[in-house]
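Me: I am new to reading protein models. Could you walk me through this one with a few questions and answers?

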Amino acid sequence: MNEHRGSSLSWLLSDGVIELTLDRPPANEIGLAMLADLERFVSALPELETKASALILCSAQKAGFSAGADLRELYQEAQKLDAPSAAKGVRKFLERIHAALNRLDSSPLTTIAAVHGVCFGGGLELALACDLIVADKMARFCFPELRLGLIPGFGGIPRLKRDIGNGVVRDLLLTGRSINATKGLSVGLVSQVAAEGEAMRLARSTAAQTTKFDRATSAAAKKFIKPLPAEELRREIDIFCDLFTRPAVMEGLRKFVENAGPHPYLP
């Protein structure tokens with residue numbers, strides 16, 4: 001058994017399966033701390049991949065899988081800088097998160113996101129880097145970024161376009177509406193729906209099934225059917241950075257940060 005714990009996540013290797021658990025209150029917001037922990041995990045992946053067949057990505061937080069990017073931190077960091085410096089800082093952050101998610105996306109392991117509760121924005125983008133999404137029937141999926149004047153920035157749209165029809169991609173992106181696990185299953189976003197509270201159990205049984213196959217064959221099949229949309233991922237960063245420093249975006253982020261009630265972008 002191989003175990004490691006960071007400030008916002010931990011991972012455990014047992015019986016050929018890695019369990020990577022997000023654990024940053026209140027809802028696994030992805031900021032600099034979680035990014036650093038993800039980078040540490042990615043740096044450990046080459047060795048872990050020699051001992052494992054599958055990876056399960058899950059959450060220890062009751063609220064859900066992940067509410068997405070840490071918008072409060074993003075806004076506060078941007079306020080410290082002039083517009084060009086803020087844009088440069090955002091680009092560096094996005095390039096780092098893309099590098100981590102791209103490595104997860106292209107891992108030869110069979111990767112499974114076990115999702116419950118909220119899976120919004122950057123959290124959905126993290127789940128989309130996995131091969132399979134196993135969802136609790138109460139899970140909800142959403143790209144709310146347009147409500148803040150932005151687009152998803154962690155690689156979500158290119159990965160979603162690769163995996164499912166463009167009509168679904170446009171609906172999620174342009175309306176900001178959320179969909180439930182059953183709808184996710186019907187459009188191909190989710191591979192299996194579990195009973196409430198059972199997503200992790202189902203993900204573990206799915207991971208156990210993958211350990212029965214020759215790893216080189218599984219890795220070759222994955223590489224063939226899941227190419228990395230590298231050029232579109234690069235373009236996404238450019239578009240996000242072009243949008244980021246507009247006054248409308250800063251105002252949207254300010255309202256989000258200062259709102260003490262339910263977050264205004266939530267469906």
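Predicted model: local features only at pLDDT ≥ 70, side-chain atom pairs only at ≥ 80, totals over all residues.

Me: Is His98 buried or exposed?
Reply: Start with its place: His98 sits in helix H3, residues 83–105. (Helices are DSSP runs of H or I with at least four residues, strands are runs of E with at least two, and both are numbered from the N terminus.) Buried means under 20% relative accessible area, exposed over 50%, and partly exposed in between, with a 1.4 Å probe and protein chains only. His98 has 3% relative accessibility, so the word for it is buried.

Me: Is Phe41 buried or exposed?
Reply: Phe41 is part of helix H1, residues 32–49. Leaving out residues up to four places away in sequence, Phe41 touches Trp11, Ile18, Leu20, Leu48 and Leu55. Its relative accessibility is 2%, so Phe41 counts as buried.

Me: What is the relative accessibility of Phe143?
Reply: Phe143 belongs to the loop between strand S9 (140–142) and helix H5 (156–163). Beyond its neighbours within four places in sequence, Phe143 is in contact with residues including Leu124, Leu128, Leu160 and Leu172. Phe143 counts as buried because its relative accessibility is 0%.

Me: Are H2 and H11 parallel or oblique to each other?
Reply: The axes of helix H2 (residues 71–79) and helix H11 (residues 247–258) come within 9 Å and cross at roughly 125 degrees. Axes here are lines fitted to C-alpha atoms, for helices over the stretch in contact, and angles run from 0 to 180 degrees between N-to-C directions. Angles under 35 degrees count as roughly parallel, over 145 as roughly antiparallel, 65 to 115 as roughly perpendicular and the rest as oblique. H2 and H11 are therefore oblique.

Me: How many nonpolar residues take part where H2 meets H11?
Reply: From H2, residues including Leu71, Leu74 and Tyr75 meet H11 residues, among them Met250, Leu253 and Phe256. By class, this contact has 1 polar residue, 2 charged residues and a nonpolar count of 8.

Me: Which peptide bond is cis?
Reply: Most residues other than glycine have a negative phi, and most peptide bonds are trans. Pro26 lies in the loop between strand S3 (17–22) and H1. With omega near 0 degrees, the cis bond is the one from Pro25 to Pro26.

Me: Is Asn28 buried or exposed?
Reply: Asn28 lies in the loop between S3 and H1. Its phi is near 55 degrees, a positive value in a residue other than glycine. With a relative accessible area of 0%, Asn28 is buried.

Me: And is Asp15 buried or exposed?
Reply: Asp15 lies in the loop between strand S2 (9–14) and S3. Phi of Asp15 is positive, near 55 degrees. At 76% relative accessibility, Asp15 counts as exposed.

Terms used: Residues numbered from 1 in each chain as written. Heavy atoms only, no water. Contact = heavy atoms within 4.5 Å. Nonpolar A, V, L, I, M, F, W, Y, C, P; charged D, E, K, R; others polar.
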